[in-house]
Amino acid sequence: SYLLAGLSFFMNPVVGATLLLNLLMVAVVPLSYLLAHKLTTNKGISLLIALFVGFTPVLFDIYNPSPAALSLPLFLFALLSYMRLEKEGTVPLYLLSIVLLAFSTPLALLFVLMLCVYHLFQKIEGVQILPQELELSIFTSFLILWVNLIFFGTAFREQGIKVIWQNIPVTLLQNFFSDFQLLPLIYAVGALALILGVYGAYIVLFEKVHRKSLLLISLALVTTILLWLKLIPLLVGSIYLSVCLLLLSAKSLELLAIYLSKTKVSSFKPLFFVFLLLLFAFTSILPLGMALFTQRAPVAEGDLEAYLWMGEHLPEDAIIAAPLEQGHLVTAISRRKNVADSGFLYVDDAQERVTALNKIYTTQFQTELLDKTTQYDIDYIILSLAVQEEQGIYRLPGSDDSCFPVVYSKGAIIYEVRCGIN
């Protein structure tokens with residue numbers, strides 16, 4: 001949010017958000033290459049893994065400015081820096097990455113859990129725990145816990161254990177924290193990458209222990225447990241688990257390359273990897289292409305134009321009722337106050353606000369509509385193209401021209417609230 005706010009001083013907020021998101025997503029590919037190269041010295045395999053990650057279907061599901069999109073490249077950068085601690089001059093870079101991660105997203109707690117499981121695996125597998133690793137793991141844990149206590153201490157005291165689920169209303173909880181199932185995971189990673197990743201983890205745990213691979217196995221295990229317990233959103237967990245399994249597939253491909261080199265068909269090894277590429281294209285890239293072909297833009301162009309219009313023409317102190325999933329556009333693009341958006345952590349009456357928004361767009365009774373607009377001091381209501389198409393509502397049901405005149409109607413419709421209930 002702060003990055004988007006900063007970019008808005010120099011360019012259109014929509015252009016700034018798109019530019020930032022593309023830069024973050026592009027950064028994931030070279031980071032994946034460097035991480036894969038830490039697991040295997042084969043540059044060809046590392047490039048193949050980076051290609052796999054770049055075309056992972058689930059990554060395209062976060063193609064909007066969100067904590068998940070921001071945290072992934074930061075998390076991978078911190079993980080890469082931790083793997084390179086033995087090199088001189090890497091510690092300051094690691095500390096910088098951890099500070100950025102800690103202050104940007106609560107998903108930094110995932111890094112702490114990963115380190116704890118990593119050191120546990122080291123004990124079980126008989127791998128020496130390097131003093132520098134242990135010291136930095138302790139420092140990292142205290143730093144991230146301290147930052148989260150500063151940011152979320154008040155919320156934890158007021159809401160208790162509900163803070164884990166971000167104070168999301170019960171009616172919406174299932175949309176954020178869904179059941180962990182195998183078929184969605186196969187779609188998220190791709191069948192080939194999933195098989196190779198699981199086998200790569202098996203190689204490291206039961207055949208040939210590899211220190212750096214234990215970090216990824218630890219992250220995959222922690223993510224799987226949190227998904228199973230519904231402690232992190234399904235989309236976020238799927239992203240991290242997918243990247244882990246794709247990186248671990250480097251161990252499978254390395255073993256496969258060594259095996260082929262020792263057989264009589266070693267001269268056909270390039271053809272075999274071409275076959276793997278085609279198989280990956282069939283199991284991942286083809287479904288991704290079909291999904292992207294049928295996928296609509298996250299926000300319709302007509303809706304974006306309406307939010308830009310509100311930012312230029314409405315009073316700065318105006319309160320705007322917008323669909324819940326577009327509430328953040330009111331603050332980011334229109335720079336006005338909304339009734340509710342997807343951030344519920346510090347909202348005491350989150351359930352009531354969600355219910356009120358539903359009533360505003362569905363009630364047939366003007367008195368009930370005026371009751372909600374008066375309760376939350378609403379000045380304007382936007383009937384977005386998304387609501388019109390998804391719910392078949394092309395006019396605010398409880399409105400009339402005297403109390404709710406239309407002030408904008410180029411696709412999305414904006415109503416001004418001129419009446420109230422004393």
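**Packing, surface and charge pairs in the predicted model**

The cover over the buried residues of helix α17 includes α16 (350-362) and β3 (380-383). The structure described here is a predicted model. Helix α17 spans residues 366-375, and its buried residues are L369, L370, K372 and T373. Viewed down the axis of α17, these buried residues fall within an arc of 160 degrees, so they line one face of the helix. In general, an α-helix has 3.6 residues a turn, so residues three or four places apart point the same way. After α17 comes D377, which has a positive phi, near 50 degrees.

With residues up to four places away in sequence left out, I49 touches A36, L246, L247, S249, A250 and L253.

Helix α5 (90-104) holds residues in contrasting surroundings. S97 lies in this helix and is buried, with a relative accessible area of 0%. Leaving aside residues up to four places away in sequence, S97 is in contact with F77, A78 and S81. The C-alpha atoms of S97 and L79 are separated by 8.9 Å, and the two residues are 18 apart along the chain. V99 is also placed in helix α5, but V99 is partly exposed, its relative accessible area being 33%.

V99 also belongs to a nonpolar surface patch of about 490 Å², which it makes together with F103, W146, I150 and F151. The elements giving two or more residues to the patch are α5 and α7 (131-159). Helix α7 gives the most, with three residues.

Charge pairs were then considered. Side chains of opposite charge can pair when their charged atoms come close. Across the whole structure, a search finds six salt bridges. In one of them, the side chains of K38 and E86 meet at 4.0 Å, N to O. This pair links distant parts of the chain: K38 is in helix α2 (residues 13-39), while E86 is in the loop between α4 (67-83) and α5, and the two are 48 residues apart. K38 counts as buried because its relative accessibility is 17%, and the cut-off for buried is under 20%.

A further salt bridge joins the side chains of E368 and K359 at 3.5 Å, N to O. At 25% relative accessibility, E368 counts as partly exposed. K359 is likewise partly exposed, with a relative accessible area of 33%. In another pair, the side chains of E416 and R418 meet at 3.4 Å, N to O. R418 is exposed, with a relative accessible area of 56%. Finally, salt bridges that share partners join K38, E86 and K212 into one network.

Note on methods: Residues are numbered from 1 along each chain as its sequence is written. This is a predicted model: local features need pLDDT of at least 70, side-chain atom pairs count only at pLDDT 80 or more; totals for chains, interfaces and linings use all residues. Side-chain values use heavy atoms; hydrogens and water are left out. Buried means under 20% relative accessible area, exposed over 50%, partly exposed in between (1.4 Å probe, protein chains only). Helices (H or I, at least four residues) and strands (E, at least two) are DSSP runs, numbered from the N terminus. The arc is that of the directions from the helix axis to the C-beta atoms. Contact means heavy atoms within 4.5 Å. Patches are made of residues with over 30% relative accessible area and no salt bridge: like charges are joined within 9 Å, nonpolar side chains (Val, Leu, Ile, Met, Phe, Trp, Tyr) within 5 Å. Accessible areas come from the Shrake-Rupley method with a 1.4 Å probe; for residues, only the protein chains shown count as cover.
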